[in-house]
Amino acid sequence: MAAKSKGAGRRQSWVALLRGVNLGAHNKVPMAGLRDLMTDIGAEDVKTYVQSGNVVFRSALARAELARRIEREISVRFGVDADVVLCTKSELARIVAGNPFAEDESEPTRLHVTFLAEAPDRGRMAGLEGEEFAPDRFQVTRAAVYLHTPKGYGRSKLSNTYFERKLGVRATTRNWRTVTTLAELA
């Protein structure tokens, strides 16, 4: 996801992943309002998926400007400070294809992906090598962290916050079903 978007000015398919919205009674962002917000900033073919802040759309804006506008408008309209992680349709397809745990795990609820807002420093990535959280496993790439949590994500120490702290980048986590559905929608 750290790669700059090519061809700013031509419409490209994007997926926006909002971090920390609609968690219980906190950080409420209505999906209808989010769709309207996206349309108002010039996005086309806007679709949301589930209530956790996933938006598929097309836009001609470059990645940094797009993230800035979405974050600013969410703050203004809903009073929520939400980080936005963006990936293109092709980046998401590569993430789906690259999951090292997907082939061996038949239960998608045990698989998650932590999307990174930018590529982490290689030294920070190397700092995670050898860390053990058995039975949980993870693999870090420049764009995402793949998670396999046999006892469930809620019981794992491999949280979104853990990876943000260790890698020094903003991130947001989605379950495998959401990831593959967003890839289909994009």
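Visitor: How many salt bridges does a search of the whole structure find?
Guide: The model is predicted, so local features need pLDDT of at least 70 and side-chain atom pairs count only at pLDDT 80 or more, while totals for chains, interfaces and linings use all residues. Residues are numbered from 1 along each chain as its sequence is written, and side-chain values use heavy atoms, with hydrogens and water left out. A salt bridge is a side-chain nitrogen of Lys or Arg within 4 Å of a carboxyl oxygen of Asp or Glu. By that criterion, the search of the whole structure gives a count of 13.

Visitor: Which residue meets Glu44 in a salt bridge, N to O at 3.6 Å?
Guide: Helices (H or I, at least four residues) and strands (E, at least two) are DSSP runs, numbered from the N terminus. The side chain of Glu44 meets its partner at 3.6 Å, N to O. The pair links distant parts of the chain, 14 residues apart, with Glu44 in strand β2 (residues 44-49) and the partner in strand β3 (residues 54-59). That partner is Arg58.

Visitor: Is Glu73 buried or exposed?
Guide: Buried means under 20% relative accessible area, exposed over 50%, and partly exposed in between (1.4 Å probe, protein chains only). Glu73 forms a salt bridge with Arg77 at 2.9 Å, N to O; the two are four residues apart in helix α2 (residues 63-78) and therefore separated by about one helical turn. Arg77 is partly exposed at 34%. Glu73 has a relative accessible area of 17%, so Glu73 is buried.

Visitor: Which residue forms a salt bridge with Glu131?
Guide: The closest N and O atoms of the pair are 3.5 Å apart. Glu131 lies in the loop between α4 (122-127) and β6 (137-140), and its partner, 35 residues apart from it, in helix α5 (residues 160-167). The partner is Lys166.

Visitor: Which residues does Ser156 touch, not counting residues up to four places away in sequence?
Guide: Ser156 is placed in the loop between β7 (144-148) and α5, and it counts as buried because its relative accessibility is 12%. Contact means heavy atoms within 4.5 Å. With residues up to four places away in sequence left out, Ser156 touches Asp136 and Thr149.
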